[in-house]
Amino acid sequence: MIVNIYGLGFVGLTTSLALANKNIKVVGYDNDQNKIEKLKNKKIPFYEKNLNQILKKQLNKNFALNKKKINQSFDINFICVGTQDSKKSELANTKSLVNCIKTILNEKNKFKKKIIIIRSSTPPLTTEKIILPLIKKSKKKNIEIAYFPEFLAEGKAWKDFHNAKRIVVGIQKKETKKIISNIFKDFKFNILFTNLRTSEFIKYLTNSFLSTMISFSNEYRDIAIALKNINIKEAFKVFQSDPRWFSKNNNFNYYTFPGCGYGGSCLPKDINSIIETSIKYGNYEPKILKQVTKYNKNIFSTISKNINKEIKNKSDPIGILGLSFKPETDDVRGSPSAIIIKHLKMNGYKNLIAHDPKAINNFASSYPNLKIKYENNLDKILQGSKKLILITSWNIYKKKISGNLKTKIIDLRYFL
Ligand SMILES: NC(=O)c1ccc[n+]([C@@H]2O[C@H](COP(=O)([O-])OP(=O)(O)OC[C@H]3O[C@@H](n4cnc5c(N)ncnc54)[C@H](O)[C@@H]3O)[C@@H](O)[C@H]2O)c1
């Protein structure tokens, strides 16, 4: 098996040398001749730890440069060209990617099958909207596309590549799974296979989260400066030592998962109060935090629109699963269930029946105006409802709701 790698920057060269180091024959291509010359002279064209010694070991052994392809049953191509815009527009530029794919499509060699594995970061839908039409237009048959995003960070590329733990690859056909699994069989990471769009989405989900965390921390620094006499370094170090970063259970995963927005008696009060305090005493208006509260307020109209799409008959008995603001408590202050039920009633749903393992009494007395029916018997509500809406992720729901329950469940927590 020979693997071809296009683009020998941080991602492409690391991928090439990592594979070569596992005894896979790799041919690297780059259209920057200077880069190729340096590599031929066993010099890495940029600074990155570990790569130089592996290059010295693998060049002309398992790693070759700009070599003519020879026929084998599969033509395997990794594309690692840059998608950074040379005009620094701060938008992904797919020009090099498109050019590279055109080069591969125009090759005259007769392979039974070509696999093109994109490693360059491209926005979701790039493969479907740009790459697949390109392949269709070429009228070439037996070409498979996969999207395999890279998560390494410069400065520790080699380490990150090997310690990835899990990698995600978007594929079109199951057959590609075998080939990719085989290439990476000697690496210790798990490969999660998904569809093209989801794999592209995961890369952007990750990087947008990281960007948001950075801006969030910087905005909080600005609030601290405005409020004066706050030890910023100390505050952030204590924040970073929160056990939720490190614990297996009860960790920050709970907060980085979609659901029904934040509620309860603390988070809404505290975020609104810091915005007010910052304006009042620091004359500084936090921009990100204001957007956070605005988004959280509007989340319920989006949720109820999505529910409306799923339920056709508003007179049907609809079961509400969960009333407390989170599982394992009977606290209903700021409960998303109350707001969602209110929206559903405003939208004309007449037959709502709610269940909660612990919070029915608290909920009924806290929200008497909602005027809905309550049911303590979970089996009854599961059997008697036309549709179910899961709002609080109590474990009992997971235990009781088996695969053979026919009733459609709108799972607002992606829990089941
Ligand atoms: N650098 C990172 O830390 C990092 C991490 C994860 C993902 N990524 C993504 O991976 C991709 C590559 O990043 P990089 O930092 O390695 O880029 P880079 O600019 O260091 O390297 C890209 C290489 O591709 C070559 N190239 C361009 N067009 C080509 C073509 N048609 N044929 C052959 N070679 C061609 C360029 O000459 C260049 O050497 C980008 O989409 C980037 O966003 C980068």
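This is a predicted model: local features need pLDDT of at least 70, side-chain atom pairs count only at pLDDT 80 or more; totals for chains, interfaces and linings use all residues.

Visitor: In which sense do β7 and β8 pair, and over how many bridges?

Guide: Strands of a sheet pair through backbone hydrogen bonds, either parallel or antiparallel. Strands here are DSSP runs of E with at least two residues, helices are runs of H or I with at least four, and both are numbered from the N terminus; two strands pair if DSSP finds at least two bridges between them. Strand β7, residues 166–171, pairs with β8 in the parallel sense over five bridges, and Ile-167 stands opposite Ile-191 in β8. On the β6 side, two bridges join β6 to β7, and these strands run antiparallel, with Ala-146 opposite Ile-171 in β7.

Visitor: What is the order of the strands in the open sheet of eight, and which are the edge strands?

Guide: The order is β3-β2-β1-β4-β5-β6-β7-β8, and the pairing is mixed. The edge strands are β3 (63–65) and β8 (190–194), each of which pairs on one side only. From one strand to the next the twist averages 25°, where angles run from 0 to 180 degrees between N-to-C directions and axes are lines fitted to C-alpha atoms, for helices over the stretch in contact.

Visitor: Which strands does helix α8 lie across?

Guide: Helix α8, residues 196–227, lies across β6 (143–147), β7 and β8, and runs at about 140° to β7.

Visitor: How is the chain divided into domains?

Guide: Domain bounds come from an automatic or database domain assignment, and here they give domain 1 (2–204) and domain 2 (298–411). The C-alpha centres of the two domains lie 47 Å apart.

Visitor: What is the strand order in the open sheet of five, and why is one side of each edge strand left without a neighbour?

Guide: That sheet has the order β11-β10-β9-β12-β13, with parallel pairing. The strands β11 (373–374) and β13 (408–411) stand at the edges with a single partner strand each, so one side of each has no neighbour in the sheet. Within this sheet, β9 (residues 318–321) and β12 (residues 387–390) pair in the parallel sense over four bridges, and Ile-318 stands opposite Lys-387 in β12.

Visitor: At what angle do α11 and α12 pack?

Guide: Helix α11 (residues 287–310) and helix α12 (residues 336–346) pack at an angle of about 55°, with their axes 10 Å apart. That makes α11 oblique to α12, because angles under 35 degrees count as roughly parallel, over 145 as roughly antiparallel, 65 to 115 as roughly perpendicular and the rest as oblique.

Visitor: Which residues make the contact between α11 and α12?

Guide: Two residues are in contact if their C-beta atoms, placed from the backbone, lie within 7 Å. The residues are Phe-300, Ser-301, Ile-303, Ser-304 and Ile-307 of α11, together with Ile-339, Ile-340, His-343 and Leu-344 of α12.

Conventions:
Residues are numbered from 1 along each chain as its sequence is written.
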